[in-house]
Amino acid sequence: MKEYDVVVLGAGMGGLAAAALWAQKGERVLLVESHYAGGGCAGYFKRKQGYYDVGATTLSGLADGRPVNKILKKLNLDLKTYHCNPGIKVNTEDEVFNFYASLDELNDELIRVFNLDCLKTLKKWQALEDLLWESLDYVQDFPNIGPSTIKKFFMNPTRKLLKHPKLFTSSFYNYLPKEMKKNKRFIRVLDQLLLISTQQTSKTCPAFMGILGFFYPLDTHAIEGGMWGLVKSLESMIQSFGGEIKYRSTCEKIEKEGGAYLISTNKEQIKCSKLISNISPEVFDSLFMDKELKQDKGKIWGAMTAYFSFSSKIPITELYQQVHYRDGSLFFSFSHPDDQHRSEGMQMVTVSTHVDCDGFDQRDDAYKNKKEKFKTDVLDAFNKCFKEHEIDEVAFDSVGTPLTFKHYTKRPNGEVGGLIHNSALSLLRLIPNKMKNENIYFVGDYTFPGQGIVSVFQSALNTIKE
């Protein structure tokens, strides 16, 4: 039986980051993953044209002091990124709105499209956003907030947040200035943006999460090679510190023996003193009978995704675009035109939309019809919104559903994204970063508020704060 200091279950982005951080500390680390590739819901798959992102995933949180920036600096990751400006381009039925990185430019867009002059409000929100991100530095074990955390909070600039109690008691909609609330076209754009970043709309999203969700396009980047580039960079870092990675290795049972943990996979038995879980609470419970993670997850969205590549006379340089259609939206994620990890002259596209996981439990005729209809909707939207780029050739690959995500990630019902938080108190539903009286840690979007790589990277950082 091989022994390690740390075993990480699941090579999602949180698991990869945690494995790299603990290996950097000099610990003997093993990362096990049942799939053949890392990244989880934000992973990749390969085709002859290049690498597709599994989800329409953006990379944000690269500004100073933000979680992704901390990881990149701490691990010195060899990662080429492109800052996107606009961070997201929104194609509504009758107008295009650009989320520019500069507050002045963003305000000019609000004036042009919605006749809203909100520069003063934007500056106030940005100051609050900085304080909200800074507050993460003083949290040891989220969501367990002890006396030491509260003391640090009061002794640092984050105490200024206490002057804004409505941030934590009001919905983002009620927190908006009157002129914003009255503008139905603006609210529609805002709500579709918040669905990406917070999994809900302005009337149910808490104000503090709404501010973070509204501003995330201002700090949006693309990665050379897409999610493949990020996964490979993290894998290389783990191995450079002496860590091991075993793919196609499925954890089948966890037992406790004294102060150690015995992990049985489909290939071997492993012993470790610390265990980090990047798998869903339900799966963890089924593996470790001695412990039970009781979590009221509530509703969690699923996703339908489409994958295709194309060539055009005019490359698409606004890499993240949202297209409104009917009562929802499609999120297009394009590979960078200068990306070397694709066929020359081709751009890769991942398209995603929210769906209810119910109704995707079997591959019957209704299931096939949903996939075919989604493919038609995606290509119709693409041909309508991007025709000025003079598209030459489109090579459609496939459609993904909650069943697809369930198969590859083992997440229940194929759910994606984190828990939906409609109040500050709902944050208490999260699993603590560390299990009480155990050397068991949890990372991922079941254990830290927010969505995407920025939140799961923060959960990984929290495991080493001790």
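The lining of the largest cavity comprises ten nonpolar, eight polar and three charged residues, where Ala, Val, Leu, Ile, Met, Phe, Trp, Tyr, Cys and Pro count as nonpolar, Asp, Glu, Lys and Arg as charged, and the others, Gly among them, as polar. This is a predicted model, in which local features need pLDDT of at least 70 and side-chain atom pairs count only at pLDDT 80 or more, while totals for chains, interfaces and linings use all residues. Residues are numbered from 1 along each chain as its sequence is written, and side-chain values use heavy atoms, with hydrogens and water left out.

A cavity here is a set of points on a 1 Å grid over the protein atoms alone where a 1.4 Å probe fits but cannot get out, and lining residues have an atom within 4 Å of a point. The largest cavity holds about 210 Å³ of space, and of its 21 lining residues Asp-53, Gly-226, Phe-334, Ser-335 and Asp-339 lie nearest the centre. The second largest cavity, with a volume of about 30 Å³, is lined by residues that include Ser-277, Phe-442 and Tyr-446, and its lining divides into six nonpolar, two polar and no charged residues.

Turning to the helices, the axes (lines fitted to C-alpha atoms over the stretch in contact, with angles from 0 to 180 degrees between N-to-C directions) of helix 3 (residues 103-114) and helix 4 (residues 119-135) come within 10 Å and cross at roughly 135 degrees; helices are DSSP runs of H or I with at least four residues, numbered from the N terminus. Helix 3 and helix 4 are therefore oblique to each other, since angles under 35 degrees count as roughly parallel, over 145 as roughly antiparallel, 65 to 115 as roughly perpendicular and the rest as oblique.

How values were computed. Helices (H or I, at least four residues) and strands (E, at least two) are DSSP runs, numbered from the N terminus. On a 1 Å grid over the protein atoms alone, a cavity is a set of points where a 1.4 Å probe fits but cannot get out, and a pocket is an open set with protein on both sides within 12 Å along at least five of seven lines; lining residues have an atom within 4 Å of a point. Grid points are joined across faces, edges and corners, and a volume is the space filled by probe spheres set on the points.
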